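Student: Let us go through this model by question and answer, starting from the coordinates.

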Amino acid sequence: MDNNSPESISSRDRPFDFRAPPPSPVASGRRSCVTNDDVLTEFLETSLRVPDLVLPDKIFPKQKFIENPSKIDYEALVYGSKDYEDATSKMLDSIARVGCFQLVNFGISSDLLKSVLDAARGIFRVPLDKRVAVTRSPENRSGFEEVHSEDDTESGQEFVWSRDEDLKLAMEKLWPTGYSNFSETMGRLQSDVEEVAGKIFSVVRDIFLGKLMGGKYDFVGVTDLIDFVCCLHKHRPNVPPDQYADLLRYDVIKMMIRVNDYSHALCLHIFDGSSEFHVYSKKGWVSFCPEKDSIIVTVGDQFQALSQGQYKHVVGRPVYRSEGEDRISMAFLYSPPPLQPPPRAGSSKDNRGRDVISISQQVVTAVVLTIVYQLLVYICKNF
């Protein structure tokens, strides 16, 4: 047999019989490629089209201009004049509707207000690179709000004042010629503002909160000192018209983020005239033209909690549109003394934690002393 014959070739030497599927048909011709590219391009443009996103008003509310809130005469409100009922009714209606009201005839010296506003400008002359020691933090709630640079994104600068001794010592090093006088003047103004705020809150408490709680709660005396702070804001001057709307939105976002930084019941806003006053809340964003020489009083989170949600927490700020020098505004945050429940039956402590001797204990003590006295007299006479 021939070794080269097909029968002589071993099976291992035979080529493997592999039948692959035929190749996919490929479009030929230049015209077909162009057609395929057009189809692919049309498909991608249709499927990758990004829709236009429009944020709803509930995410970022639109500004609405409203009529001025009620103007309340302070003396009519706290001294029980014939206009008392009308004043209280207008005040509560304005708080429920807008979250604030305008206070006039409040009895604080205009010269004192002007001197504090003028002196406050010196605080913001401290260079930015020297403010690190007095910058606000979770551990230090007073001092400067952090500012990276005086660029176009900032609508102003802020400083939180309090009677904290550490703040006073630190600021006297940065502003040795003026901070002591400023702090002393601010302290006098703070006392006057706290008295006004306390009387306003007492009126509302007696009218509304007393009824709501059935008169079963009382407040500890004001001698239990409260952390009373004032937020000073230096408004940026000469804002270009094309940047004004963006700065307002930036302010809204910033304030809503920091809305719970300082818990309070009332906030009293003092400023030297302004173009508008803006109020922000979950209801929306409203603005109005404040009365000259008035104080705007806004409602805080403590007030909302005590009213069981009837009065809503808002934040406010004056806005200046005109060009000129730096403008300063102040926001005094007032917190009432803590609520205390009445003493329980049989309790030996009053609302202030002091020991109390009941009438029955006093009677028993008097009887025992009388018997002891009579017994001593008898012993002395007979022995």
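**Questions on the predicted model**

Student: Is Asp293 buried or exposed?
Tutor: The model is predicted, and accessibility here is computed from it. Residues over 50% relative accessible area count as exposed. Asp293 has 63% relative accessibility, so its class is exposed.

Student: Where is Asp293 placed, and what is its phi?
Tutor: Asp293 sits in the loop between β10 (284-288) and β11 (295-299). Its phi is positive although the residue is not a glycine. The value for Asp293 is near 60°.

Student: Which residues lie nearest the centre of the second largest pocket?
Tutor: This pocket has a volume of about 350 Å³, and its lining counts 17 residues. Asp293, the loop residue between β10 and β11, is one of those nearest the centre.

Student: Which element gives the most to the lining of the second largest pocket?
Tutor: Two elements give two or more residues to this lining, α4 (110-120) and β8 (266-271). The top contribution is 4 residues, and it comes from α4.

Student: Where is Asn105 found, and is it buried, partly exposed or exposed?
Tutor: Asn105 also has a positive phi without being glycine, near 55°. Asn105 is in the loop between β3 (100-104) and α4. Its relative accessibility is 40%, so Asn105 counts as partly exposed.

Student: How many cavities of 30 Å³ or more does a search of the whole structure find, and what is the volume of the largest?
Tutor: Rolling a probe the size of a water molecule over the atoms shows where empty space is left. The search of the whole structure gives 2 cavities of 30 Å³ or more. The largest cavity has a volume of about 400 Å³.

Student: Which residues are closest to the centre of the largest cavity?
Tutor: The elements that each supply at least two lining residues are β7 (229-235), β8, β12 (315-319) and β13 (327-334). By class, the lining has 12 nonpolar, 6 polar and 4 charged residues. Of the 22 lining residues, those closest to the centre are Cys231, Met255, Gly316, Arg317 and Ala331.

Student: How many salt bridges does the structure hold?
Tutor: Side chains of opposite charge can pair when their charged atoms come close. The cut-off is a Lys or Arg side-chain nitrogen within 4 Å of a carboxyl oxygen of Asp or Glu. The structure holds 6.

Student: What is the N to O distance between Asp86 and Lys90?
Tutor: Both residues lie in helix α3 (residues 84-97), 4 residues apart, about one turn of the helix. Asp86 is partly exposed at 44% relative accessibility, and Lys90 is partly exposed at 40%. Their side chains meet in a salt bridge with an N to O distance of 3.5 Å.

Student: Which residues does the network of salt bridges that share partners join?
Tutor: Arg121 and Asp118 form a salt bridge, with the closest N and O atoms 2.9 Å apart. Arg121 counts as buried because its relative accessibility is 18%, while Asp118 is partly exposed at 35%. Through shared partners, the network joins Lys114, Asp118 and Arg121.

Student: How far apart are the closest N and O atoms of Arg136 and Glu145?
Tutor: Arg136 and Glu145 are both buried. They form a salt bridge, and the distance between the closest N and O atoms is 2.6 Å.

Student: Which residues form the nonpolar patch on the surface?
Tutor: Patch residues need over 30% relative accessible area. Val372 in helix α9 (residues 359-382) has 40%, so Val372 is partly exposed. Together the patch residues have about 640 Å² of accessible area. The members are Val364, Val368, Val372, Leu375, Leu376, Tyr378 and Ile379.

Student: How far apart in space are Val204 and Met91?
Tutor: Val204 lies in helix α6 (residues 179-212) and is buried at 2% relative accessibility. In sequence, Val204 and Met91 are 113 residues apart. In space, C-alpha to C-alpha, the distance is 9.1 Å.

Conventions:
Residues are numbered from 1 along each chain as its sequence is written. This is a predicted model: local features need pLDDT of at least 70, side-chain atom pairs count only at pLDDT 80 or more; totals for chains, interfaces and linings use all residues. Side-chain values use heavy atoms; hydrogens and water are left out. On a 1 Å grid over the protein atoms alone, a cavity is a set of points where a 1.4 Å probe fits but cannot get out, and a pocket is an open set with protein on both sides within 12 Å along at least five of seven lines; lining residues have an atom within 4 Å of a point. Grid points are joined across faces, edges and corners, and a volume is the space filled by probe spheres set on the points. Patches are made of residues with over 30% relative accessible area and no salt bridge: like charges are joined within 9 Å, nonpolar side chains (Val, Leu, Ile, Met, Phe, Trp, Tyr) within 5 Å. Accessible areas come from the Shrake-Rupley method with a 1.4 Å probe; for residues, only the protein chains shown count as cover. Buried means under 20% relative accessible area, exposed over 50%, partly exposed in between (1.4 Å probe, protein chains only). Ala, Val, Leu, Ile, Met, Phe, Trp, Tyr, Cys and Pro count as nonpolar, Asp, Glu, Lys and Arg as charged, and the others, Gly among them, as polar.
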